Amino acid sequence: MGQDTLYAKETRQFYKDCKIYGTVDFIFGHAKPVFQDCHIYARPETLITITAQNRASDSEINGFSFQGCHVEAAPGLTPPQSGNAAPGLTPPQRANLRVFLGRPWDRYSTVIFMQSIFNDIVDPQGWMEWPGVPVDHLHYAEYDNSGLGADTSKRVNWKGYHVVKKWMKVDWFTVAKFIDGNSWLPETSVPYRGGLRSVS
């Protein structure tokens, strides 16, 4: 699995405890999904982009919401704690992974990562441009993330990118509100959190 692994095509969707592997734009589409407690694994590639969301107009209500997810190198690529690379993999291959959280497939592209853990493979810029697509109207946001790749001090300087500090500004992207999860998820018996983890 590499490019275009998961096509979130349309309507509201919910992913729980999933393992998603890929390289380029490997979570893409036009839907309104929430990914909760998922592991997002980057496979070796020159440049890796996790999301390509294509919200095309301001009137559309869609986007990708990631809550409590882990962004990391695919198993077998992460060197053991001893510092030695896994068998068959030289250290530069692991060190040279450059992972971007997303790039805009359309001008109103909307993606938020909240309360997630980023491995050090996440590029300091965080996000990548798509040639020809303006970045003023997109909505990319990060809230209360942790890990070596979560430092936002060197992130892109775009009008449409936001480092969110207050939980009220991301509450809309939770399961209960973004996909109205309380009205249909209980009957599936899939466990979920309707809101954020404890917030201050």
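Start with the open sheet: select its six strands, which run in the order S2-S5-S8-S11-S13-S14 with parallel pairing. Strands here are DSSP runs of E with at least two residues, and helices are runs of H or I with at least four residues, numbered from the N terminus. Two strands count as paired if DSSP finds at least two bridges between them. Now colour S2 (12–16) and S14 (161–164): these strands stand at the edges with a single partner strand each, so one side of each has no neighbour in the sheet. Neighbouring strands of this sheet are turned by 10 degrees against each other on average, direction ignored; the angles are taken between lines fitted to C-alpha atoms, in N-to-C directions and on a scale from 0 to 180 degrees.

Before moving on, a note on what you are viewing: this is a predicted model, in which local features need pLDDT of at least 70 and side-chain atom pairs count only at pLDDT 80 or more, while totals for chains, interfaces and linings use all residues. Residues are numbered from 1 along each chain as its sequence is written, and side-chain values use heavy atoms, with hydrogens and water left out.

Next, select S5 (residues 32–36) and S8 (residues 64–67), which pair in the parallel sense over three bridges. Show Phe-35 and you will find its bridge partner in S8, Phe-66. Phe-35 also touches Leu-6, Tyr-15, Ile-20 and Ile-27, among others, not counting residues up to four places away in sequence (contact means heavy atoms within 4.5 Å).

Both phenylalanines lead you into the largest nonpolar core, which has 34 residues; Phe-35, Phe-66, Phe-113 and Trp-127 have the most contacts inside it. Such a core is a set of buried Ala, Val, Leu, Ile, Met, Phe, Trp, Tyr and Cys residues joined through side-chain atoms within 4.5 Å. Buried means under 20% relative accessible area, exposed means over 50%, and partly exposed lies in between (1.4 Å probe, protein chains only). Elements giving two or more residues to this core include strand S1 (6–8), strand S6 (39–42) and strand S11 (110–114). Apart from this core lies another, of 15 residues, among them Ala-141, Val-170, Phe-178 and Ile-179.

Now go to Asn-62, in the loop between strand S7 (48–53) and S8. Is Asn-62 buried or exposed? At 8% relative accessibility, Asn-62 counts as buried. Its side chain makes a polar contact of 2.7 Å with that of Gln-53 and another of 3.2 Å with that of Glu-60. A polar contact is a pair of N or O atoms within 3.5 Å; within protein, one must be able to donate a hydrogen and the other to accept it, and residues adjacent in sequence count only if both atoms are side-chain atoms. Residues that Asn-62 touches include His-30, Thr-110 and Phe-178.

Asp-25, in strand S4, has a positive phi near 50 degrees without being a glycine, and is buried at 4%. Ser-189, in the segment after helix H2 (175–178), has a positive phi of about 65 degrees and is exposed at 66%.

Finish with the cysteines. How many disulfides does a search of the whole structure find? The search finds zero, a disulfide being a pair of cysteine sulfur atoms within 2.5 Å. Select Cys-18: the nearest cysteine sulfur, that of Cys-38, is 4.4 Å away. Cys-18 is partly exposed at 25%, whereas Cys-38 is buried at 0%.
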